Amino acid sequence: MIEDLVRKNRSCRRFYQNHTIELELLKELVNLARLSPSAANLQPLKYIISCKAETNDLIFPCLKWAAYLRDWEGPVEGERPTSYIIILGDTRITKNFGCDHGIASQSILLGAREKGLAGCMIGAIERENLKKNLNIPDEYEILIVIAIGRPREEIAIVKVKDGDIRYYRDDNKVHYVPKRDLEEVLIGKYS
């Protein structure tokens, strides 16, 4: 059921680093993104995929992890993702990528979750360093990086309390994600 898949699709930030992901699986996930809707059907997104440790080591230091967890600098060695999908916007096609990369990212993450993997969309990126590290040509704008791997953490959805939407971890490293109630996000009573 789609609701179960969406509920399981949480931003995972700790992975089993020894679990390898094959290049073909990453291609399957990008294919899901390719088939997703695109504004005006421009299809301006391009992708860099990585499942090699050497390339991952060039990507990882350019990412910022979990702004609400101020005492956590990101996954330690042994808990880092084993693959990445970098979504780029081809500025030769358009300069405005709208929400295309959000739609593509969700397709990728739902596909990964269906395969027993998890991921995290990362928008806090040292873009110039990443471009330099991977020799990304100037006509491509880095939009988002998706970290993917076998999940190493437990993530639970909880109700928002006192308006605080910040995610947090308990002493057992369970990651809690507060979500607003359905009635709070529905506006008006149209039927």
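**Briefing: contacts, cores and overall fold**

Apart from neighbours within four places in sequence, Tyr84 touches Leu26, Ile48, Ile49, Ser50, Asn56, Ile59, Phe60, Leu63, Trp65, Val145, Ile146 and Ala147. The model is predicted. Tyr84 is also among the residues with the most contacts inside the largest nonpolar core.

**Nonpolar cores**

- The largest nonpolar core holds 25 residues. Besides Tyr84, the residues with the most contacts inside this core are Ile59, Leu63, Trp65, Ile86, Leu130 and Val145.
- At least two residues of this core come from each of β2 (83–90), β3 (118–122), α5 (127–134) and β4 (140–149).
- β4 provides the largest share, four residues.
- In soluble globular proteins, nonpolar side chains tend to be buried together.

**Fold and dimensions**

- The chain contains six helices and seven strands. Their order from the N terminus is α-α-β-α-β-α-β-α-β-β-β-β-α.
- The C-alpha trace spans about 45 × 45 × 30 Å along its principal axes.
- Of contacts between residues at least 6 apart in sequence, 74% link residues at least 24 apart.

**Surface and charge**

- Of the 191 residues in the chain, 42% are buried.
- The chain has an accessible surface of about 11,500 Å², and carbon and sulfur atoms account for 50% of this area.
- The chain carries 29 positive and 28 negative charges, whose mean positions lie 1 Å apart.

Definitions and conventions
Residues are numbered from 1 along each chain as its sequence is written. This is a predicted model: local features need pLDDT of at least 70, side-chain atom pairs count only at pLDDT 80 or more; totals for chains, interfaces and linings use all residues. Side-chain values use heavy atoms; hydrogens and water are left out. A nonpolar core is a set of buried Ala, Val, Leu, Ile, Met, Phe, Trp, Tyr and Cys residues joined through side-chain atoms within 4.5 Å. Buried means under 20% relative accessible area, exposed over 50%, partly exposed in between (1.4 Å probe, protein chains only). Contact means heavy atoms within 4.5 Å. Accessible areas come from the Shrake-Rupley method with a 1.4 Å probe; for residues, only the protein chains shown count as cover. Lys and Arg count as positive and Asp and Glu as negative; His and the chain ends are not counted. The place of a charge is taken as NZ of Lys, CZ of Arg, CG of Asp or CD of Glu.
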